[in-house]
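This report sets out selected structural features of a single protein model. The sequence and the structure are shown first, and the discussion follows.

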Amino acid sequence: MTMPEGLERVLPEIVGRDMFDALVIRTDFSDDESWNAVVGEVRRPWGPDGEFPASVQVVDARAWSGATADEVLAAVDEDEYLSVVFLADRHTMQSPRRALLALTTVWEDDGDLDPVYYQELIESPEPREFRAAPAAVHSVHVNVTLGNMGFAEFAVAASAESDQVLRPV
């Protein structure tokens with residue numbers, strides 16, 4: 001969906017998300033079968049032996065159709081407890097792994113950084129996104145939320161895979 005120039009899309013507010021719920025937003029409505037498979041995977045128990053129940057909020061509303069990563073990030077900006085959001089976009093629906101787009105909601109504004117102290121960060125910013133298999137969603141969400149691992153660590157792990165998709169850790 002393309003917005004006329006000068007108009008900004010207003011996406012619905014996400015309500016009722018618990019701090020530990022992973023947030024998965026559907027932005028592509030081209031393949032219900034793939035979407036249902038993604039939802040089934042993210043709702044399965046996770047962990048080494050499947051010992052943790054899935055805690056996920058799935059957003060499946062056509063108002064999000066075609067939303068870009070930037071639009072989604074702007075829409076979820078008010079959720080101070082959200083560190084990562086997962087998008088089921090066109091790539092997700094078309095890829096055999098159904099890889100979701102993981103986006104960090106936390107980043108430094110390079111314009112506010114003093115180049116004397118932060119030159120390396122300015123020249124090599126932290127990654128803002130990577131692809132993750134649905135089975136990896138909970139591990140990424142929980143570890144980033146708790147600060148056990150940083151978003152960049154998961155992005156590096158994803159980039160080391162031949163298909164650039166993070167698998168369950």
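## Strand pairing and the sheet

In this predicted model, Leu 103 has Glu 129 of strand 5 as its bridge partner. Strand 4 and strand 5 are paired in the antiparallel sense, with four bridges between them. Leu 103 of strand 4 also stands opposite Val 85. Strand 3 and strand 4 likewise run antiparallel and are joined by four bridges.

## Helix 1 and its packing

Which residues of helix 1 are buried? They are Ser 34, Trp 35, Val 38, Val 39 and Val 42. Viewed down the axis of helix 1, these buried residues fall within an arc of 135°, so they line one face of the helix. The face turned away from the buried side carries Glu 33 and Asn 36, which are exposed.

The buried residues of helix 1 pack against several elements of the sheet, namely strand 1, strand 2 (56-59), strand 3 and strand 4. Their other packing partners are helix 3 and helix 5 (137-146).

How many salt bridges does a search of the whole structure find? The search gives 11. One of them joins Arg 90 to Asp 28, with the closest N and O atoms 3.5 Å apart. This pair links distant parts of the chain: Arg 90 lies in helix 3, whereas Asp 28 lies in the loop between strand 1 (22-26) and helix 1 (32-42), and the two are 62 residues apart. Arg 90 is partly exposed, at 47% relative accessibility. Asp 28 counts as buried because its relative accessibility is 5%, and the cut-off for a buried residue is under 20%.

A salt bridge is also formed by Asp 70 and Arg 128, whose closest N and O atoms are 2.6 Å apart. This pair again links distant parts of the chain, 58 residues apart, with Asp 70 in helix 2 and Arg 128 in the loop between helix 4 (115-123) and strand 5 (129-132). Asp 70 is partly exposed, with a relative accessible area of 48%. Arg 128 is partly exposed as well, at 31% relative accessibility.

## A network of charged residues

Arg 97, Glu 161, Asp 163 and Arg 167 are linked in a network of salt bridges. Within this group, Asp 163 forms a salt bridge with Arg 97, the closest N and O atoms being 3.0 Å apart. The pair links distant parts of the chain, since Asp 163 is in the loop between helix 6 and strand 6 while Arg 97 is in the loop between helix 3 and strand 4, 66 residues apart. Asp 163 is partly exposed, with a relative accessible area of 31%, and Arg 97 is partly exposed at 45% relative accessibility.

## Residues with positive phi

Most residues other than glycine have a negative phi. Arg 98, although not a glycine, has a positive phi of about 55°. Arg 98 is in the loop between helix 3 (90-94) and strand 4 (100-104), and is partly exposed at 23% relative accessibility.

Gln 164 also has a positive phi, near 65°. Gln 164 is found in the loop between helix 6 (151-159) and strand 6 (165-166). With a relative accessible area of 41%, Gln 164 is partly exposed.

## A nonpolar surface patch

Which residues make the nonpolar surface patch of about 370 Å²? The patch is made by Met 19, Phe 20, Tyr 81 and Leu 146. Of these, Tyr 81 is found in the loop between helix 2 (69-75) and strand 3 (84-88). Tyr 81 counts as partly exposed, at 45% relative accessibility.

Notes: Residues are numbered from 1 along each chain as its sequence is written. This is a predicted model: local features need pLDDT of at least 70, side-chain atom pairs count only at pLDDT 80 or more; totals for chains, interfaces and linings use all residues. Side-chain values use heavy atoms; hydrogens and water are left out. Buried means under 20% relative accessible area, exposed over 50%, partly exposed in between (1.4 Å probe, protein chains only). Patches are made of residues with over 30% relative accessible area and no salt bridge: like charges are joined within 9 Å, nonpolar side chains (Val, Leu, Ile, Met, Phe, Trp, Tyr) within 5 Å. Accessible areas come from the Shrake-Rupley method with a 1.4 Å probe; for residues, only the protein chains shown count as cover. A salt bridge is a side-chain nitrogen of Lys or Arg within 4 Å of a carboxyl oxygen of Asp or Glu. Two strands pair if DSSP finds at least two bridges between them. The arc is that of the directions from the helix axis to the C-beta atoms. Contact means heavy atoms within 4.5 Å.
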